[in-house]
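Please keep the sequence and the structure in view while reading.

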Amino acid sequence: MGSSEEHRIVSRLGEVLVDRGMTVTQLSQATGITLANLSILKNGRAKAVRFSSLTLICDALDCSPADLLDIAPKQ
């Protein structure tokens with residue numbers, strides 16, 4: 001995979017938030033992660049995510065990274 005290729009990782013944060021009845025604002029307050037950074041992750045525009053942030057999100061949502069991230073099929 002070259003650096004110019006787009007990744008195929010898909011964020012499921014929005015779905016998990018709906019399932020938990022939580023807003024991005026509430027998640028921001030629970031984790032200390034900025035609303036802007038959570039919105040970038042939720043909207044699929046993130047290029048990277050820190051493991052420490054992923055841990056905070058998983059703890060707040062009582063989920064695993066596999067619940068938050070998926071991979072799109074190769075085209």
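Predicted model: local features only at pLDDT ≥ 70, side-chain atom pairs only at ≥ 80, totals over all residues.

## Cysteines and helix packing

A search of the whole structure finds 0 disulfides, a disulfide being a pair of cysteine sulfur atoms within 2.5 Å. In general terms, a disulfide is a covalent bond between the sulfur atoms of two cysteines. Cys 58 takes part in no disulfide, and the nearest cysteine sulfur, that of Cys 63, is 4.2 Å away.

Residues are numbered from 1 along each chain as its sequence is written, and side-chain values use heavy atoms, with hydrogens and water left out.

**Two helix pairs**

Two packed helices are described by the angle between their axes and the distance between the axes. Axes are lines fitted to C-alpha atoms, for helices over the stretch in contact, and the angles run from 0 to 180 degrees between N-to-C directions. Helices (H or I, at least four residues) and strands (E, at least two) are DSSP runs, numbered from the N terminus.

Helix H2 covers residues 24–31 and helix H3 covers residues 35–42; they pack at an angle of about 125°, with their axes 9 Å apart. That angle makes H2 oblique to H3. On this scale, angles under 35 degrees count as roughly parallel, over 145 as roughly antiparallel, 65 to 115 as roughly perpendicular and the rest as oblique. The crossing of H2 and H3 is right-handed; a crossing is left-handed if the near helix is turned anticlockwise from the far one by less than a right angle, and right-handed if clockwise.

Which residues of H2 and H3 meet? From H2 come Val 24, Thr 25, Leu 27, Ser 28 and Thr 31, and from H3 come Leu 35, Leu 38, Ser 39 and Lys 42. Contact here means heavy atoms within 4.5 Å. By class, the contact of H2 with H3 has 4 nonpolar, 4 polar and 1 charged residues. In this classification Ala, Val, Leu, Ile, Met, Phe, Trp, Tyr, Cys and Pro count as nonpolar, Asp, Glu, Lys and Arg as charged, and the others, Gly among them, as polar.

H2 also packs with H4: the two axes come within 10 Å and cross at roughly 110°. H2 and H4 are therefore roughly perpendicular to each other. Leu 27, Ala 30 and Thr 31 of H2 make the contact with Leu 56, Ile 57, Ala 60 and Leu 61 of H4. The residues of the contact of H2 with H4 divide into 6 nonpolar, 1 polar and no charged. The crossing of H2 and H4 is right-handed.

**Individual residues**

The table gives the accessibility of several residues, where buried means under 20% relative accessible area, exposed over 50%, and partly exposed in between (1.4 Å probe, protein chains only).

| Residue | Relative accessible area | Class |
|---|---|---|
| Leu 27 | 0% | buried |
| Cys 58 | 7% | buried |
| Cys 63 | 15% | buried |
| Ser 11 | 17% | buried |
| Ala 46 | 17% | buried |
| Asp 62 | 69% | exposed |

Leu 27 lies in helix H2. Not counting residues up to four places away in sequence, Leu 27 touches Leu 13, Leu 17, Met 22, Leu 38, Ile 57, Ala 60 and Leu 61. The C-alpha atoms of Leu 27 and Ser 11 are separated by 15 Å, and the two residues are 16 residues apart along the chain.

Ser 11 lies in strand E1 (residues 9–11). With residues up to four places away again left out, Ser 11 touches Leu 41, Lys 42, Leu 68 and Leu 69.

Ala 46 lies in the loop between H3 and H4. Under the exclusion of residues up to four places away in sequence, Ala 46 touches His 7, Ile 40 and Leu 41.

Asp 62 has its place in the loop between helix H4 (51–61) and helix H5 (65–68). Although Asp 62 is not a glycine, it has a positive phi of about 50°.
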